[in-house]
Amino acid sequence: MHAIGIDIGGTKVAGALVDENGTIVRQDRKPTPAGDSESLKQVVVDMINELADGTDAIAAGVAAPGFIDATGSIVYYTPNVPWRHEQLRHALEPKVGVPVIIENDANAAGWAEFRFGAGRLSTDMVMLTIGTGVGGAIVANDRLFRGGFGAGGELGHMRIVPNGLPCGCGANGCIEQYGSGRALQRYANTLADAGGIGQKLAEVRAKNGNYLHGADIGALIDDDDPGALQAVRQLGDWLGQACASFAAILDPQVFVIGGGVASAGEKLLAPIRQAFLQTLPARGYHPEPEFRIAELVNDAGVVGAADVARQHAISR
Ligand SMILES: [Zn+2]
């Protein structure tokens, strides 16, 4: 029994026909039409119909960034696309031959990891996606946690520093400002300014421009450069402290770390674990969750969206 998953990103729309084991059978990818709601909807409709053609697909899940209502019908707000209180499900369903469900993209990716990736065999999982920002997904008691209005699980916007750095969400001191890919760049550039272990960071920066970006930092992490590793430790330290608070509330068996920065692997997980254990309330008595790197990487959004849609279709 197959389902279709669509993942709407800032630059591309990815789609896949996915079987019940999370395996991609057929896939497609198109550029995201810039700023135009109707063109984007047409791309999604065409992709669902092309992927479903001649198959037994029973449902389609559409993952998008931003706030989605708890019934999977309305996009309250999404960045990069002019959707505000958009009745997306009702716009799409008459044009495709299957029921449609809309899901937040971080939730879709988290669900994919829970079902088929690093979170499988757990009942309670927290996933943090470390990209430009910090995305979050919570699975509690085998179910995706959405909150009463559908806008729950925004873990990146937990306040970790009172009166801290301003965040894109309008608040101050969110973990997103201290534990994201953008924060890692800030740490690396500060270390480059300081000399010492930041010497190599400064050399690469001088060669490639006036600010160190993710690719340069990633390459230096791979080379075990002491400055780049220090920047990763700073990032991991903040994330570990945040995870300790998440553990106090949610008590997951597994934390899954995804996103571009997760390619640092154990070099990121080790400082996260260390800070986590130093910060965990009732440490020494609280069972220790595992920290794992996400496994599905680029396919998590489409695989998760498809599985959410399949489960929804079966249960109704
Ligand atoms: Zn925020």
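Q: At what angle do the axes of helix 3 and helix 10 cross, and within what distance do they come?
A: This is a predicted model. The axes of helix 3 (residues 105–116) and helix 10 (residues 300–315) cross at roughly 80° and come within 7 Å.

Q: Why is helix 3 called roughly perpendicular to helix 10?
A: The label covers angles of 65 to 115 degrees. The crossing angle is roughly 80°. Therefore helix 3 counts as roughly perpendicular to helix 10.

Q: Which residues of helix 3 and helix 10 meet?
A: From helix 3 come Asp105, Ala108, Ala109, Gly110, Trp111, Ala112, Glu113, Arg115 and Phe116. From helix 10 come Ala300, Gly301, Val303, Gly304, Ala305, Asp307 and Val308. By class, nine of these contact residues are nonpolar, three polar and four charged.

Q: Which residues of helix 10 are buried?
A: They are Ala300, Gly301, Val302, Val303, Gly304, Ala305, Ala306, Asp307, Val308, Ala309 and Arg310.

Q: What makes Val134 buried?
A: The cut-off is 20 or more other C-beta atoms within 10 Å. Val134 has 29, so Val134 is buried. Val134 lies in strand 10 (residues 134–140).

Q: Which residues is Val134 in contact with, leaving aside neighbours within four places in sequence?
A: Val134 is in contact with Leu128, Leu155, Gly156, Ile175, Glu176, Gly179 and Ser180. As for Leu155, its C-alpha is 7.4 Å from that of Val134, and the two are 21 residues apart in sequence.

Q: What do the buried residues of helix 5 pack against?
A: They pack against strand 9 (125–130), helix 4 (176–179), helix 6 (199–208), helix 7 (214–222) and helix 8 (226–250). Among these buried residues are Leu184, Tyr187, Asn189 and Leu191. After helix 5 comes Gly195, with a positive phi near 70°.

Q: Why does the radius of gyration of the chain agree with that of a compact globule?
A: For 316 residues, a compact globule would have a value near 20 Å. The chain has 20 Å, so the two agree. Its C-alpha trace spans about 60 × 50 × 35 Å along the principal axes. Buried residues make up 47% of the chain.

Note on methods. Residues numbered from 1 in each chain as written. Predicted model: local features only at pLDDT ≥ 70, side-chain atom pairs only at ≥ 80, totals over all residues. Axes fitted to C-alpha atoms, helices over the stretch in contact; angles between N-to-C directions. Helix = DSSP H or I, 4+ residues; strand = E, 2+ residues; numbered from the N terminus. Parallel < 35°, antiparallel > 145°, perpendicular 65-115°, else oblique. Contact = placed C-beta atoms within 7 Å. Nonpolar A, V, L, I, M, F, W, Y, C, P; charged D, E, K, R; others polar. Buried ≥ 20, exposed ≤ 12 C-beta atoms within 10 Å, placed from the backbone. Rg over C-alpha atoms; globule rule 2.2 N^0.38 Å.
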